[in-house]
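Reader: I've got the sequence and the model open side by side. Can we walk through them together?

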Amino acid sequence: MILPTGGIIPDHALAVAFTAPTDPVLAAAYWTGIGALLLTLLLGAQIIRLRMALRRRERREARALARWRPVLNAAIVGETPDTLPSLRKSERPHFIKLWVHLQASLRGEAGVALNDVARRLGVQNDARAMLARGPRTERLLATLLLGHLGDRASWDTLRTLAESPDVTLSLSALWALVRIDPHAAADYLTPLFVARDDWAMSHVAGILKEASAPVAGVLANLLPALPQERLPRALRIAEALRIDLPADVLSAALASGDLERVTAALRIVATPGLRDQVRGLLAHADWQVRVLAAKALGRIGDASDVDRLTALLADREWWVRYRAAQAIVELPWLSRAQLDALQAGLTDRFAADILGQVMAERPAS
């Protein structure tokens, strides 16, 4: 081999350079180096391949959005074309993603127009296929699209997904079921919501608010046979949806002695017939119960409860004093002059301070 400088490397020297050493230690190091070099080259090639594939996807998505966004925007403003372009297979995932994004921000006739475009293009068929066999991201998009469309044909598949251990996917499926048929969904979903603690209450309330009336009936029928350990969650659902439960159910919970059930019931008590039970909890050993009892008495109490709430202004727990003061200030039959007189007559400094603070927080009428 002739070097650029004019020198010559003998052929036998090249053969030695590219021959694995015979010493075991050196041979191991040699082949390790060769392996590391090959892996580095393969990794670099894979990175290049992935980047090229990503750019191709981004270009396809940009072309699809440029083609379909004007059509969907026209539908939103009531100018849907009489003849729609054909939706290519490669465009369908991008179209569905755009459609769901726009639909989530719309109400009324604009949403109906988008539904009409989707049905004319037959996108619901693609969504059903995605729901049954697609990857997780596509299944999430499919549940949202089918829910907005009210697609009854996907009911059974959505019910199966609703029992999935994947919390996000199951909640999306539950939302779609409520959109498709609120009454049928209430019969099926309410027991599930009561049974599963991994579904956050904020999500449960957001999904069920569109079916609060049928859920109220299902919940009332469910409560008598409900295991006691599930009752607090059922009561929290009722609280989140502002559902009035039968007085006998709440009375049993208040009398149970179980802290979780008592506090859950106190949060939703709105029946004057339970006044005496609530009064009895003002002296409960647990301060959280006293807090909630004071709030409940502010909702259902009568004029005789002013003295009871005033006594709580001297409670050793700040939150009890604060909630009692709020309950007093919110009583509709007490005028500002009467509140001033009540504060002036308090002999406990902490009681007077907390009542004055709450009075100052209330906007002047």
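Reader: Let's start with L41. Which helix is L41 found in?
Author: Keep in mind that this is a predicted model. L41 belongs to the run of residues 24-76. That run is helix 2.

Reader: Is L41 buried or exposed?
Author: Exposed starts over 50% relative accessible area. L41 has 55%, so it counts as exposed.

Reader: Which residues make a nonpolar surface patch with L41?
Author: The patch comes to about 310 Å².

Reader: What share of the residues count as buried?
Author: Buried means under 20% relative accessible area. The chain exposes about 20,100 Å², with carbon and sulfur atoms supplying 57% of that. Of the 365 residues, the buried share is 41%.

Reader: How far apart are the end C-alpha atoms of helix 4, and what should the span be?
Author: Helix 4 covers residues 109-121, which is 13 residues. At 1.5 Å a residue they should span 18 Å. The ends agree with that, at a separation of 19 Å.

Reader: What covers the buried residues of helix 4?
Author: The buried residues include A110, A113, L114, V117 and L121. An α-helix has 3.6 residues a turn, so residues three or four places apart point the same way. The cover for the buried residues of helix 4 includes helix 2, helix 3, helix 5 and helix 6.

Reader: Which residue follows helix 4, and what is its phi?
Author: The residue after helix 4 is G122. Its phi is positive, near 70 degrees.

Reader: On to charges. Which residue forms a salt bridge with E91?
Author: Side chains of opposite charge can pair when their charged atoms come close. For E91, the closest N and O atoms of the pair are 2.8 Å apart. The partner is R67.

Reader: How many residues apart in sequence are the parts that E91 and R67 tie together?
Author: E91 counts as buried at 5% relative accessibility, while R67 is partly exposed at 24%. E91 lies in the loop between helix 2 and helix 3, and R67 lies in helix 2, so the pair ties together parts separated in sequence by 24 residues.

Reader: Which side chain meets R136 in a salt bridge?
Author: The N to O distance here is 2.5 Å. R136 sits in helix 6, and its partner is in the loop between helix 7 and helix 8, 30 residues apart. R136 is partly exposed at 41%. The partner's name is D166.

Reader: Where does R152 lie, given that it meets D181 in a salt bridge?
Author: The N to O distance of this pair is 2.7 Å. D181 is in the loop between helix 8 and helix 9, 29 residues away in sequence. R152 lies in the loop between helix 6 and helix 7.

Reader: Which residues do salt bridges that share partners join into one network?
Author: The count of salt bridges comes to 17. The residues joined through shared partners are R275, D276, R279, D302, D305 and R308.

Reader: Which residues does Q357 touch, leaving out those up to four places away in sequence?
Author: Q357 is in helix 20, and at 33% relative accessibility it counts as partly exposed. Beyond its sequence neighbours, Q357 touches W318 and Y322.

Reader: Last one: how far apart in space are L312 and V25?
Author: L312 is in helix 17 and is buried, with a relative accessible area of 8%. Its contacts, not counting residues up to four places away, include L282 and A294. V25 is 287 residues away in sequence, and the C-alpha to C-alpha distance is 83 Å.

Conventions: Residues numbered from 1 in each chain as written. Predicted model: local features only at pLDDT ≥ 70, side-chain atom pairs only at ≥ 80, totals over all residues. Heavy atoms only, no water. Patch = residues over 30% accessible without salt bridge, like charges linked within 9 Å, V, L, I, M, F, W, Y side chains within 5 Å. Areas by Shrake-Rupley, 256 points an atom, 1.4 Å probe, with all protein chains shown as cover. Salt bridge = Lys/Arg side-chain N within 4 Å of Asp/Glu carboxyl O. Helix = DSSP H or I, 4+ residues; strand = E, 2+ residues; numbered from the N terminus. Buried < 20%, exposed > 50% of the residue type's maximum accessible area, 1.4 Å probe, protein only. Expected span 1.5 Å × (residues − 1). Contact = heavy atoms within 4.5 Å.
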